[in-house]
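Colleague: I am new to this structure and would like to learn how to read it. Please take me through a few features in turn.

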Amino acid sequence: MSIDKSKPVLVTGATGYVAGWLVQRLLDEGITVHAAVRNPNKEEKVAHLKAAAAKSSGDIKFFKSDLLEEGSYEEAMQGCEVVFHTASPFVTDVQDAQRDLIDPAEKGTANVLESAKKIASVRRVVVTSSCAAIYTDAIDTVNAPNGRIDETIWNETASLTYQPYSYSKTLAEKKAWEIAETQNNWDLVTINPSFVMGPPLNPKATTSESFNILKQLGDGTMKAGVPKMGVGVVDVRDVAEAHFQAGYNDNAKGRYITSGHNTDFLEMALQLQDKYGADYPLPKKALPKWLLMIVGPMANKLFTRQFIKNNVNVEWKADNSKIKNELGIKFRPLKDSMVDGFQALVDANIFAKK
């Protein structure tokens, strides 16, 4: 199915971390972007998108919409053949998981996709899911068939009380596939990134959990050592390209694990050592697991003993061959993602030299 690039496209949550790079990629292609945001008048949230449009051959139009307000995306969707639904919170420290994570993720997805059923022009919907819809803890990837996760697997270990963020992503993606089955006008493709790293286009107004990690690496929080937690990492620019290909590549179908590297927090931190080790209090070693078992739960409520047991000193493994073979995605080196992300925070004066 070929998609017409002269038609506008909708990007929900357009001010987001991944969405910013996707919007820039679409604009550079000369495409008109309908950017759905909560508040189009909040200049500090949209200025970088306007600047990207000014430098490109594309065009951007802003629309006010809200994940939990039914039908609020319909105006923005008019005339669009592709809908990129990237809006969903990536926060882990929440007061009320149902209200702050589950509802925006699940109801928001239903809201956008139900609207897509009403708009005749829509031919493809690309939903930003997550590897969190496939696994909860690193141990799940080791225990998966063939010792690594792939697109056939669903997360069965997260719940409202354990890793509710992963639970929200699982419910939201399942809801998307459920709604896709009820119509024949458009096909659904999901992008399932692992931990996204790399430079934000708008470092001063980025809320993604990724920056908390970079900040803690650079501000001395982890100076004594970093938990050797198994994770997958992918560059934000590669995730944007994956979305673009999912929208416009004729071969795109189903789910795509979008992860460049099977790694861990220590290896990530060590990528920064050459360039920044002399100036910033970066960690050089792993914290022992027994110590984390004692202090972890006191330091951070997410660091329960179960979480530490299932993630620290446990390898994270995923099979990323589907997206490479079908969408031609090539992943940047881990060092580029870490250095470029850290440098963006240095340039924005997010932390001072030691």
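Colleague: Is Val112 buried or exposed?

Modeller: This is a predicted model, and the value is computed from it. Buried means under 20% relative accessible area. Val112 has 0% relative accessibility and therefore counts as buried. Val112 belongs to helix H4, residues 97–118.

Colleague: Which residues is Val112 in contact with, leaving aside neighbours within four places in sequence?

Modeller: Contact means heavy atoms within 4.5 Å. For Val112 the list is Thr12, Tyr73, Met77, Val83 and His85. As for distance along the chain, Ser72 is 40 residues apart from Val112, yet 8.4 Å separates their C-alpha atoms.

Colleague: How many residues of helix H8 are buried?

Modeller: Twelve of the 13 are buried, so H8 is mostly covered. Among them are Val236, Arg237, Phe244 and Tyr248.

Colleague: What span does H8 reach from its first C-alpha to its last?

Modeller: An expected span is worked out at 1.5 Å a residue. At the start of H8, the backbone nitrogen of Arg237 has a side-chain oxygen of Asp235 within 2.8 Å.

Colleague: Where is Thr141, and what is Thr141 in contact with?

Modeller: Thr141 lies in helix H5, residues 138–143. Thr141 is buried because its relative accessible area is 0%. Beyond neighbours within four places in sequence, its contacts are Tyr135, Gly147, Arg148, Ile149, Glu315, Trp316 and Lys317.

How values were computed:
Residues are numbered from 1 along each chain as its sequence is written. This is a predicted model: local features need pLDDT of at least 70, side-chain atom pairs count only at pLDDT 80 or more; totals for chains, interfaces and linings use all residues. Side-chain values use heavy atoms; hydrogens and water are left out. Helices (H or I, at least four residues) and strands (E, at least two) are DSSP runs, numbered from the N terminus. Buried means under 20% relative accessible area, exposed over 50%, partly exposed in between (1.4 Å probe, protein chains only). The expected span of a helix is 1.5 Å times one less than its number of residues. A polar contact is a pair of N or O atoms within 3.5 Å; within protein, one must be able to donate a hydrogen and the other to accept it, and residues adjacent in sequence count only if both atoms are side-chain atoms.
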